[in-house]
Amino acid sequence: MAAVFPFSALAGQEEMKRALLIAAVEPAIGGVLIFGDRGTGKSTAIRALAALLPPMQVVAGCAYNCPPGASAGLCGLCAGPDAAGPLAAATVAVPVVDMPLGATEDRVVGALDLERALTRGEKAFEPGLLARAHRGFLYIDEVNLLEDHLVDLLLDVAASGENVVEREGLSVRHPARFVLIGSGNPEEGELRPQLLDRFGLSVAVETLSDLSLRVEAVKRRDAFERDPHGFLEEWRPQEDALRARLQAARARLASVSVADEVLMQASRLCLSLGTDGLRGELTLLRAARALAALEGEDRVTMAHLRQVAPAALGHRLRRNPLDEAGSGARIERAMAEVLGT
Amino acid sequence: MRDLIEQPDPGGGGPNRNPAWADGLLAVRLFAVDPAGLAGIILRAQPGPVRDACLALIRSAMPESAPWRKMPAQVEASRLIGGLDLAQTLKAGRPVAERGLLAEANGGIIVMAMAERVPQGVAALIAQALESGEARVERDGVAHAFPSRFGIVALDEGLPEDEPLAALLRDRVAFCADLTSVATGEAASPPDRLETWAAAVPAARTRLARVVAGDEIVQALCGAALALGIGSLRAPLLALRAARAAAALDGSPRVEEEHAALAARLVFSWRATALPPEEAPAKAESPSEPPDEPQGEPGLGDDAGSGGGPIDDVVLEAARAAIPPDLLSRLQQAGIQPMPRARSGQSGMAIKSRAKGRPVGTRRGELRSGTRLSLIDTLRAAAPWQPLRRRPGSARIEVRPDDFRVTRFKQRTQSVTIFAVDASGSQAFARLAEVKGAVELLLAESYVRRDQVALIAFRGQTAELVVPPTRSLVRAKRLLAGLPGGGGTPLAAGIEASAALAEALRRKGLSPTIVLMTDGRANITRPSAGNRLNAVEDALAAARLVKQAQLAAVFIDTSPRPRAEAQRLASEMGARYVPLPYADAAALNAVLKRRA
């Protein structure tokens with residue numbers, strides 16, 4: 001396993017980092033889309049997140065990463081009659097499954113285990129990428145270049161939390177709850193709008209324009225490439241601190257309260273922007289709570305709302321191709337009106 | 001730097017040495033020092049001795065055992081990243097993974113033939129491998145990651161009418177050597193010269209890891225990239241590696257100013273999107289400090305912190321000097337590209353690159369030419385019978401013709417709307433704005449259906465492809481913003497250009513529709529004709545071509561009063577005639593929706 005650039009050493013791109021951390025604290029956020037210029041460290045950030053996440057407990061040997069001690073949402077084997085008695089637990093890294101372009105459907109959803117079928121004549125299911133990503137993250141780089149039918153399939157599973165396979169005489173269903181992370185460059189083709197609002201948060205990354213930040217980014221990257229292990233050692237304190245913060249935020253999340261007034265303001269913001277449906281509002285509140293938890297606070301404040309609103313709502317605005325103002329500007333305007341400056 | 005920069009002229013031509021050739025050779029040598037780190041080099045040149053000399057230099061500078069793989073432009077994804085090895089699987093009786101081209105090239109070089117024609121999907125696979133250093137297979141029942149560190153040599157024929165290499169690869173490679181201006185004679189270097197250069201590379205490679213670069217170097221490279229409008233952070237990183245390679249080649253233990261300047265010249269000049277002001281931003285200290293000030297002393301820390309020092313100027317100046325002279329005009333055109341000319345002898349290629357449909361499962365079938373065997377499904381079909389068919393003592397998998405499964409593709413043809421827009425003086429400027437609005441509206445709708453839009457503008461003497469077929473609203477908007485208006489009406493050129501584009505797209509398996517928007521007052525002849533009086537005749541002739549080629553077309557007459565002349569043109573084109581004197585974006589869009 002190659003060394004991974006540490007998350008805490010990423011220079012700039014605060015909004016992207018915040019969105020990824022929010023998704024790590026609150027997986028129910030429904031995925032993160034990162035769209036923007038080339039060479040802004042999109043993929044680096046996501047691979048770094050994988051290394052940052054604290055490890056999790058799984059049933060030893062379970063291909064679906066089932067949580068030990070849970071009574072519901074288990075795979076067929078862990079919930080089945082053979083699994084009577086306590087299951088052995090193991091500690092593993094949270095999976096961040098990289099979905100390569102050119103992956104075929106059988107590898108994504110799982111298929112007949114060819115080896116066992118050929119050598120032993122058994123009909124067995126070989127889990128695919130979706131099974132591996134359960135309770136973790138599924139990352140698609142260049143999501144706008146992925147074949148349409150695969151994107152549809154992924155979104156369907158991400159929404160239902162379950163993968164249903166009916167092929168080659170197999171009939172299998174297993175839990176597949178994961179945070180979908182997509183990245184891409186809009187110049188190479190846009191994402192269909194139907195896809196766009198399936199993602200919980202959407203962040204637009206732009207080129208760093210501050211010279212000192214750019215110098216810092218290049219220096220760190222260069223130092224890392226020349227001596228990965230030394231660099232990781234140097235950043236270990238910051239990385240550990242961030243990991244501890246993430247863990248504390250997860251523990252605190254359930255107890256973070258949202259005052260009625262903040263709820264009202266969130267609704268008014270969504271109304272004034274005309275975002276359709278409740279999904280936007282729900283995401284906005286979830287993201288704000290996760291952010292409050294990350295900052296070690298017990299209550300969601302207006303400041304939290306304001307920080308997450310662009311990422312939670314920006315991609316849900318009705319597109320008007322003739323409106324030159326970007327969605328960011330429209331949100332700023334609405335926030336100034338509703339929340340005051 | 002003695003050997004590196006003040007190299008004796010490679011062509012022996014003394015004063016007429018071609019700087020493009022000298023720079024090209026430098027880039028090639030730096031690339032050979034660190035192929036995986038510098039990721040790649042684009043060689044823009046026609047096939048011939050110039051290109052061959054570069055390839056030979058790289059090849060002889062690589063270790064004997066390093067792989068050297070050629071990749072055709074139309075490579076299949078399965079061949080690139082690997083999959084199931086049919087022969088081995090059948091022999092061994094269990095699935096055997098096959099390494100793809102990316103994995104085979106580990107530690108070596110991939111030469112991309114006709115790199116400008118590599119489809120986006122393939123480019124993305126290569127980019128992923130460059131990024132992660134491994135080739136990951138998740139297909140045909142195989143899941144595996146092969147180490148894959150390589151450099152690419154992208155051969156670009158350098159024809160001006162071709163689109164350049166996919167942007168996601170351009171962003172990742174360090175160099176672009178434009179050798180189109182290098183004459184064959186100039187490239188005829190004495191072979192011993194090439195040998196000496198190649199021999200110096202392995203030694204440089206071993207030194208590379210120990211070359212240090214001071215903060216002021218990083219600062220200068222980052223500053224220069226920013227001043228030249230280069231947003232991607234990969235550019236300064238690649239320049240830093242190039243500077244190290246230059247120092248290593250030079251036998252220097254640390255990166256000096258001249259190495260950084262060389263790296264900036266080779267890495268930045270072809271990426272620049274803005275020209276910095278002539279004078280470096282005025283600083284408090286006098287800018288005329290002696291250039292021979294000692295560099296890289298520990299005491300320079302405060303200078304580097306202030307964001308500008310003499311080294312910054314040197315580096316920026318080096319990159320600026322190498323920027324192609326036509327950059328400014330190119331920038332002003334905001335990406336407007338010349339029309340692709342119809343070329344002969346390439347129809348086969350266009351058919352091969354036909355957008356493949358979405359695979360919709362497999363069916364039992366014979367292996368005929370044109371069908372694609374679905375390996376995995378064939379094996380799955382054969383699997384249950386193995387215990388019955390297998391001869392004792394044999395591990396061979398018995399596959400019967402009955403088991404063959406072929407992939408079915410559902411090819412949904414994509415439609416492309418080609419707007420051919422009259423941007424001449426006779427068209428009011430407001431009209432142009434309406435067209436822009438309509439294109440954007442159509443794009444906004446078309447990406448729901450994944451359709452594409454292209455725009456050709458004709459004005460003055462020629463027709464230009466302003467928006468190449470795209471479904472990116474962002475891209476189209478950017479290209480449209482810079483569209484100028486005014487001048488004569490070269491109607492014939494506009495119609496011909498649209499017909500050529502439409503035919504090219506049709507060969508790719510797309511279904512094009514031409515939407516011609518003009519007032520029909522042609523006054524500029526085809527370039528080949530020359531008689532101005534014949535402008536109308538020319539336009540009619542061009543219109544007949546459209547009809548002959550059976551291209552779908554809509555003629556939108558934008559003149560205040562519908563005229564017989566325009567109607568005649570429409571009927572010669574076989575186009576639907578729609579007078580739309582007060583076209584607004586919405587009305588136009590409504591017309592286009594009815595076309596189907």
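How many aromatic pairs does a search of the whole structure find over all chains? The search finds 5, where rings of Phe, Tyr and Trp (its six-membered ring) pair if their centres lie within 6.5 Å, with planes under 30 degrees apart counted as stacked, over 60 as edge-to-face and the rest as tilted. This is a predicted model, in which local features need pLDDT of at least 70 and side-chain atom pairs count only at pLDDT 80 or more, while totals for chains, interfaces and linings use all residues. Residues are numbered from 1 along each chain as its sequence is written, chains are lettered from A and ligands numbered from 1 in the order in which they are written, and side-chain values use heavy atoms, with hydrogens and water left out.

One of the aromatic pairs is formed by Phe5(A) and Phe231(A), which are stacked at 5.5 Å centre to centre with 25 degrees between the planes. Phe5(A) lies in the segment before helix 1 (14-25) of chain A and Phe231(A) in helix 10 (residues 228-253), so the pair ties together parts that are 226 residues apart in sequence. Helices (H or I, at least four residues) and strands (E, at least two) are DSSP runs, numbered from the N terminus. Both rings belong to one aromatic cluster, made up of Phe5(A), Phe224(A), Phe231(A) and Trp235(A). Phe5(A) is buried at a relative accessible area of 7%, and Phe231(A) is buried at 4%; buried means under 20% relative accessible area, exposed over 50%, and partly exposed in between (1.4 Å probe, protein chains only).

Chain A also holds an open sheet of 5 strands in the order 4-7-10-1-11, with parallel pairing. Two strands pair if DSSP finds at least two bridges between them. At the edges are strand 4 (96-98) and strand 11 of chain A, each pairing on one side only. Neighbouring strands of this sheet are turned by 15 degrees against each other on average, direction ignored; axes are lines fitted to C-alpha atoms, for helices over the stretch in contact, and angles run from 0 to 180 degrees between N-to-C directions. Strand 1 and strand 11 of chain A run parallel and are joined by 5 bridges. Ile34(A) has Val203(A), in strand 11, as its bridge partner.

Two helices of chain A can be followed from this sheet. Helix 1 lies across strand 1, strand 7, strand 10 and strand 11 of chain A, running at about 155 degrees to strand 11. In helix 2 (residues 42-52) of chain A, the buried residues include Lys42(A), Ser43(A), Ile46(A) and Leu49(A). The buried residues of helix 2 pack against helix 1, helix 10 and strands 1, 7, 10 and 11 of chain A, contact meaning heavy atoms within 4.5 Å.

Further along chain A, Leu150(A) sits in helix 7 (residues 148-160) and is buried at 3% relative accessibility. Leaving out residues up to four places away in sequence, Leu150(A) touches Met99(A), Ala103(A), Glu105(A) and Val108(A). Gln265(A), in helix 11 (residues 260-273) of chain A, is buried as well, with a relative accessible area of 13%. Beyond its neighbours within four places in sequence, Gln265(A) is in contact with Met302(A), Leu305(A), Val338(A) and Leu339(A).

Chain B has 26 helices and 18 strands, and buried residues make up 53% of its 596 residues. Here 5 strands form an open sheet in the order 2-5-8-1-9, with parallel pairing. Strand 2 (68-71) and strand 9 (175-178) of chain B each have a single partner strand, so one side of each is left without a neighbour in the sheet. The twist averages 20 degrees from one strand to the next. Strand 2 is joined to strand 5 (residues 108-112) of chain B by 4 bridges, and Lys70(B) stands opposite Val111(B) in strand 5.

The largest nonpolar core has 80 residues, of which Ile41(B), Leu43(B), Val153(B), Phe175(B) and Phe268(B) touch the most other members. A nonpolar core is a set of buried Ala, Val, Leu, Ile, Met, Phe, Trp, Tyr and Cys residues joined through side-chain atoms within 4.5 Å. Helix 13 (residues 234-250) of chain B supplies the largest share of this core, 12 residues. Apart from this core lies another, of 76 residues, among them Cys78(A), Val165(A), Ala124(B) and Ala166(B).
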